[in-house]
Amino acid sequence: MKTLFDLVSGAQSSYGDRVFIREKYGADIREKTFGEFYSDALSVSAFLRKKFGRAVHAGIIGPTSYNYLVCYLGTMIGGSTAVPVDALLAPADICELLARADVDVLFYDERFSAAVPVFKANCPNILEYVMLSDNTDGDITTLGGVLRSFPPQVSERPEESTLAAILFTSGTTGKAKGVMLSHGNFMDNVFCCDNESTTEDVLLTVLPIHHVYCFTCDILLSLRYGTCVCVNDSLMKVAQNLKLFSPTIILLVPMIAATICKQIKNAAKANPDIPIQAIAKNALGGRLKVIYSGGAYLAPELISAYEELGVTIAQGYGMTECSPRITSGDLTRKSVGDVGTVVKGCEVKIVDGEITVKSPSVMQGYYKDDASTAETIRDGWLYTGDLGYVDDEKRLFITGRKKNLIILSNGENVSPEELENKAEAAQIAQELMVYSEDETLTLELFPGKELYAGKTGEETANEIREKVKALNKALPSSKAIRRIRVRNEEFEKTTSRKIKRKQTFKGDIL
């Protein structure tokens with residue numbers, strides 16, 4: 001298998017009548033097989049080729065759904081390029097990304113219908129709009145109409161080097177860049193690990209589909225292994241859908257994993273006569289065996305907490321520029337502070353403390369940004385911007401971000417992420433950030449409502465001071481927190497809920 005066409009057609013051949021996608025459809029549950037998915041994707045591919053007579057750039061916006069995935073993969077298996085866009089962005093920001101990616105056609109979820117006039121006014125190069133609806137709606141082109149009008153047909157078949165997708169990063173410190181991933185990039189990442197799933201497994205897809213972590217590890221791996229994918233329709237309904245679909249596997253970011261764990265512990269406190277493992281099993285759907293975590297730091301305490309609940313949680317590491325996996329969680333051994341084991345076919349080299357990667361999964365470059373590409377890929381090595389090291393067993397350890405490194409006047413280098421992780425483990429605040437202010441290591445925090453519930457402002461301040469004092473005792477004096485700022489509102493964040501490093505600080509000195 002060399003391309004995504006091979007992957008989708010191969011899934012149809014191997015698992016044709018098995019259920020690929022299960023999702024809520026009104027009051028019912030709709031099921032679509034691997035065979036139906038292949039057929040519908042071919043119809044989308046035929047539509048694009050006959051409509052435009054060439055490969056196009058197709059924007060896609062909306063939450064995860066069968067229709068979304070049909071258009072996403074239907075675009076790529078016909079040799080065109082998909083451009084998935086963050087559905088939480090403002091219409092003006094969406095327009096900016098669509099224009100930068102030279103989008104010709106836009107597939108949009110019907111809840112974005114009101115924004116279409118904005119797109120049309122600001123994106124004159126988009127020639128066709130297709131609503132992700134099963135119905136035929138007057139003069140509006142819909143996916144349902146496309147599937148009925150264009151029989152499945154194999155059109156131009158892509159090559160390994162064909163540009164499959166442009167995915168915009170959601171960086172916390174600068175302008176989003178368009179990562180160009182080829183069919184070969186995706187396929188290498190799909191096959192960089194083995195024995196991750198089976199046809200008997202059920203996966204609940206929770207993360208945003210425009211993220212490559214979700215697309216590769218939820219959707220593409222399920223096509224490889226013949227795994228059933230159940231669609232979580234809302235972050236507010238994760239608990240409900242765990243019970244509804246009873247998954248065996250789920251991919252999460254640490255924030256969601258921590259929230260679920262906290263809900264289980266609260267339920268256990270309210271029901272002291274019931275073993276917490278039984279409460280957890282019921283809350284997680286009864287069959288969950290593994291959680292794969294990525295996208296952010298995973299606290300060792302959270303790994304241990306899930307172990308007590310009878311669930312293995314494994315951490316991996318990657319980036320959009322590497323399709324995304326660089327490491328994968330090893331279920332055969334317990335994490336010792338690492339972020340997983342380097343995957344097959346990937347080389348890791350540490351250059352001046354920075355993690356660099358060479359792999360067939362590494363992107364072709366940033367779209368229309370040669371300067372950033374040359375800065376990031378040098379002599380075939382991807383410079384990740386992360387600081388860390390790798391041990392003799394190919395386990396990777398992250399110590400911070402190079403661009404965030406604080407260099408004090410005494411020459412000491414301080415990684416803010418290292419201090420932030422320790423502060424989070426000490427439960428100092430709901431949200432926090434470390435930075436240098438006038439050559440002083442400063443911890444700015446938003447206490448939140450739960451940690452200091454029922455306490456006065458003075459009591460909260462005193463407890464925060466004591467926690468920071470205890471934290472400093474465990475740190476070298478050069479890394480000690482010398483100033484505390486407390487803010488009364490949350491930090492500004494990206495749509496993926498990562499705190500933006502570049503923002504106006506508002507905390508009062510404690």
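**Close-up views of a predicted model**

**Asparagine 185 counts as buried, because its relative accessibility is 5%**. (Buried means under 20% relative accessible area, exposed over 50% and partly exposed in between, using a 1.4 Å probe and protein chains only.) This is a predicted model, so to speak of a local feature takes a pLDDT of at least 70 and side-chain atom pairs count only at pLDDT 80 or more, while totals for chains, interfaces and linings use all residues. Residues are numbered from 1 along each chain as its sequence is written, and side-chain values use heavy atoms, with hydrogens and water left out. Asparagine 185 has its place in helix α7, residues 183-190. (Helices, H or I and at least four residues, and strands, E and at least two, are DSSP runs numbered from the N terminus.) Setting aside residues up to four places away in sequence, asparagine 185 touches Met180, Ser323 and the run of Pro360, Ser361, Val362, Met363 and Gln364. (Contact means heavy atoms within 4.5 Å.)

**Phenylalanine 186 is among the residues with the most contacts inside the largest nonpolar core**. Neighbours within four places in sequence aside, phenylalanine 186 is in contact with residues including Leu4, Met76, Leu181, Val212, Phe215, Leu220 and Ser323. There is also a second, separate core of 25 residues, with Leu97, Leu106, Ala115 and Ala176 among them.

**Helices α1 and α3 cross at roughly 120°**. Helix α1 covers residues 4-15 and helix α3 residues 66-77, and their axes come within 8 Å. (Axes are lines fitted to C-alpha atoms, for helices over the stretch in contact, and angles run from 0 to 180 degrees between N-to-C directions.) The two helices are therefore oblique to each other. (Under 35 degrees counts as roughly parallel, over 145 as roughly antiparallel, 65 to 115 as roughly perpendicular, and the rest as oblique.) Their crossing is left-handed. (That is, the near helix is turned anticlockwise from the far one by less than a right angle; clockwise would be right-handed.) Look for Leu4, Phe5 and Val8 in α1 meeting Leu73, Met76 and Ile77 in α3. By class, that contact has six nonpolar, no polar and no charged residues. (Ala, Val, Leu, Ile, Met, Phe, Trp, Tyr, Cys and Pro count as nonpolar, Asp, Glu, Lys and Arg as charged, and the others, Gly among them, as polar.)

**Helix α1 also crosses helix α2, at roughly 145°**. Helix α2 spans residues 34-52, and the axes of α1 and α2 come within 8 Å. This crossing is left-handed. Phe5, Val8, Ser9, Ala11, Gln12 and Tyr15 make the contact from α1, with Phe34, Gly35, Phe37, Tyr38 and Leu42 on the α2 side. Those residues divide into eight nonpolar, three polar and no charged.

**Valine 70 sits in helix α3**. With a relative accessibility of 0%, valine 70 counts as buried. Alanine 41 is 29 residues away from valine 70 in sequence, yet their C-alpha atoms are 5.0 Å apart. Not counting residues up to four places away in sequence, valine 70 touches Phe37, Asp40, Ala41, Val44 and Thr75.

**Valine 146 has its place in helix α6, residues 143-149**. Its relative accessible area is 3%, so valine 146 is buried. Phenylalanine 47 lies 99 residues away along the chain, but the C-alpha atoms of the pair are separated by 6.8 Å. Leaving out residues up to four places away in sequence, valine 146 touches Ser43, Phe47, Val130 and Thr141.

**Helices α10 and α11 cross at roughly 130°**. Their axes come within 9 Å, with α10 at residues 254-270 and α11 at residues 276-283. That makes α10 oblique to α11, and the crossing is right-handed. Ile264, Lys265, Ala267 and Ala268 of α10 meet Ile276, Ile279, Ala280 and Ala283 of α11. The tally by class is seven nonpolar, no polar and one charged.

**The peptide bond from serine 323 to proline 324 is cis**. Its omega is near 0°. Proline 324 is found in the loop between β14 (317-318) and β15 (325-328).

**Aspartate 438 has a positive phi, near 55°, in a residue other than glycine**. Aspartate 438 lies in the loop between β25 and β26 (440-446). Its relative accessible area is 66%, so aspartate 438 is exposed.

Definitions and conventions: Core = buried A, V, L, I, M, F, W, Y, C linked by side-chain atoms within 4.5 Å.
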